[in-house]
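Take a look at the model below.

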There are 2 protein chains.
Amino acid sequence: MSFGAASAQESDITIAVSIPAATHGWTGGVVYHAEQAEKEIEAAFPNIDIVLSTASSATAQVSSLEDLSATRDLDALVILPFTSEELTGPVEQVKSNGTFITVVDRGLSDTSVQDLYVAGDNIAVGANTAHWLADQLGGEGEIVVLRGIPTVIDDERIQGFSEVIAETDIEILDIQYANWNQDEAFTLMQDYLAKYPNIDAVWANDDDMLLGVIEAVDQAERDDIKFALGGNGMKEVIELVMAEDERTPISTPYPPSMIKSAIYMTVGQFNGQAPMRGSFLLDAPLITPENAEQFYFPDSPF
Amino acid sequence: MSFGAASAQESDITIAVSIPAATHGWTGGVVYHAEQAEKEIEAAFPNIDIVLSTASSATAQVSSLEDLSATRDLDALVILPFTSEELTGPVEQVKSNGTFITVVDRGLSDTSVQDLYVAGDNIAVGANTAHWLADQLGGEGEIVVLRGIPTVIDDERIQGFSEVIAETDIEILDIQYANWNQDEAFTLMQDYLAKYPNIDAVWANDDDMLLGVIEAVDQAERDDIKFALGGNGMKEVIELVMAEDERTPISTPYPPSMIKSAIYMTVGQFNGQAPMRGSFLLDAPLITPENAEQFYFPDSPF
């Protein structure tokens with residue numbers, strides 16, 4: 001009895017974390033970093049219990065929210081929603097019990113539901129890459145661009161990139177969708193290579209696609225291509241940056257570890273009564289050989 | 001020797017915190033919350049050493065930065081700058097050693113110096129108060145407003161408040177400066193009371209000034225004044241809210257505890273490699289009898 005009481009008192013704050021299952025590289029990283037955060041926080045704060053739950057679809061995430069809030073009192077919920085539309089109502093339901101709501105990456109349809117919002121800056125991902133590239137090319141040259149899946153995320157990255165390039169003499173020869181898919185990016189890049197005898201640089205908008213692009217360029221043995229750049233901070237690409245690869249010397253982060261930022265911030269609200277209601281917009285600083293180690297997680301799948 | 005080595009390894013991350021000394025209520029709160037954060041963080045993370053330094057002027061803060069970075073390797077600096085102009089260069093100097101820079105509340109003149117920026121939302125302080133007041137007054141009535149010290153902070157609060165009031169039939173009878181000073185607010189409110197036979201509500205823009213306003217209203221025994229509101233979340237005013245005071249039933253936070261948010265976030269960057277570069281804008285949710293306890297620190301001077 002006394003042991004039970006002591007143990008209940010030890011974990012008097014419960015923070016649920018609801019995230020997509022590791023269906024592709026980026027979400028694999030989210031799961032990895034959420035698990036790390038759980039270990040770190042529980043080791044540091046014996047009074048805090050992190051309850052982690054992954055879901056492989058929006059419907060499954062809705063059910064898992066029902067399970068989480070049916071079986072315990074949640075002080076906080078940190079959620080990376082599968083989709084905005086399907087999750088907004090269920091998260092609102094959890095909030096109605098007095099639970100603090102932290103939303104990560106994809107916003108809900110009704111932003112008044114969230115107490116804290118943590119998000120990456122997709123415009124900066126595009127713009128910071130474009131500034132670096134324009135600088136390296138001396139403001140002129142011919143480039144090709146690959147788009148992801150038609151979404152706000154893709155639109156913002158392309159907008160950030162295009163606005164900077166528009167102020168230079170760099171010509172975008174072609175820009176088409178490859179759906180953030182490595183194989184589709186490989187095929188699209190083969191098309192670009194066949195179509196354009198000179199390409200100074202390629203921007204793949206995402207590191208998954210960049211791997212397909214690099215494969216196509218290597219197979220074609222095309223050495224006109226000075227730079228092949230992506231974005232996201234994938235492990236394999238950070239390794240290229242760390243090795244001072246000439247063609248891929250930089251990346252820009254849109255880090256799955258942002259789930260960790262959200263968990264640490266939520267802990268501050270409950271452990272220290274530190275005010276954490278608000279909006280945290282992550283920068284997308286260039287990842288260079290000098291700072292790459294800060295963005296590198298050798299044990300993460302991403 | 002071995003003890004020294006072990007102890008050096010235990011505190012392998014050093015985070016300096018540089019803040020103004022407790023010269024008035026709000027900065028007294030900053031010092032209190034920074035001290036609390038130091039205790040909480042050092043208890044939770046034996047590998048982190050928080051080094052707290054207070055300064056009573058911009059010049060003293062510049063010297064203390066020199067001392068801090070001369071005597072140890074700083075992994076991070078969390079700073080609430082006395083002034084933007086005088087501190088920008090010295091903070092840039094600290095950054096040049098590779099130190100992560102977290103800036104709180106007052107921005108530096110060159111924002112590229114900061115890695116993380118944590119700030120309150122002064123427009124929301126004004127706007128959220130105005131929405132509540134307009135609602136309570138049914139969108140009409142006569143009010144007076146007190147301004148603080150002519151600064152961006154004061155301008156933003158007044159802007160947020162005025163824009164909302166402009167969309168109602170509420171008339172602002174008078175609006176003058178009382179420099180965030182309780183005595184000056186007392187005198188200005190006496191003037192207002194003498195000048196205007198009917199005042200439905202007064203907005204003091206800040207809880208320090210609100211205390212002066214309430215004293216003047218009480219001495220004059222004026223019961224036409226339905227609401228006397230401030231802003232900041234000062235302890236004495238939160239106590240009024242908790243007691244469900246009819247004239248002061250709400251406040252809005254511009255919490256000195258934001259120094260704690262900044263310290264917890266910086267810890268996440270170093271303990272967990274959680275990405276914390278970016279901008280965190282705190283909300284200013286209404287403090288009501290229902291949630292007042294979350295904003296109440298009985299042991300804090302503010």
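## Domains

Chain A is split by the domain assignment into domain 1 (5-120 + 256-282) and domain 2 (122-242). The model is a predicted one. Taken over C-alpha atoms, the centres of domain 1 of chain A and domain 2 of chain A are separated by 33 Å.

## Fold and overall size

Chain A holds 10 helices and 10 strands. Its radius of gyration is 21 Å, close to the 19 Å from the globule rule for 302 residues, so chain A is as compact as a globular protein of that length. The C-alpha trace of chain A spans about 75 × 35 × 30 Å along its principal axes.

Look at the contacts in chain A between residues at least 6 apart in sequence. Of these, 73% join residues at least 24 apart.

## Surface and charge

Of the 302 residues in chain A, 57% are buried. The accessible surface of chain A is about 12,200 Å². Carbon and sulfur atoms account for 47% of that surface.

Chain A carries 13 positive and 50 negative charges.

## A residue in chain B

Now turn to B:Arg147. This residue lies in strand β6 (residues 140-147) of chain B. Is B:Arg147 buried or exposed? Its relative accessible area is 14%, and buried means under 20%, so B:Arg147 is buried.

Leaving out residues up to four places away in sequence, B:Arg147 touches several others, including B:Asp154, B:Asp155, B:Tyr177 and B:Trp180. B:Ile172 is 25 residues from B:Arg147 along the chain, and their C-alpha atoms are 13 Å apart.

Key
Residues are numbered from 1 along each chain as its sequence is written. Chains are lettered from A and ligands numbered from 1 in the order in which they are written. This is a predicted model: local features need pLDDT of at least 70, side-chain atom pairs count only at pLDDT 80 or more; totals for chains, interfaces and linings use all residues. Side-chain values use heavy atoms; hydrogens and water are left out. Helices (H or I, at least four residues) and strands (E, at least two) are DSSP runs, numbered from the N terminus. The radius of gyration is taken over C-alpha atoms; the globule rule is 2.2 Å times the number of residues to the power 0.38. Buried means under 20% relative accessible area, exposed over 50%, partly exposed in between (1.4 Å probe, protein chains only). Contact means heavy atoms within 4.5 Å. Accessible areas come from the Shrake-Rupley method with a 1.4 Å probe; for residues, only the protein chains shown count as cover. Lys and Arg count as positive and Asp and Glu as negative; His and the chain ends are not counted. The place of a charge is taken as NZ of Lys, CZ of Arg, CG of Asp or CD of Glu. Domain bounds come from an automatic or database domain assignment.
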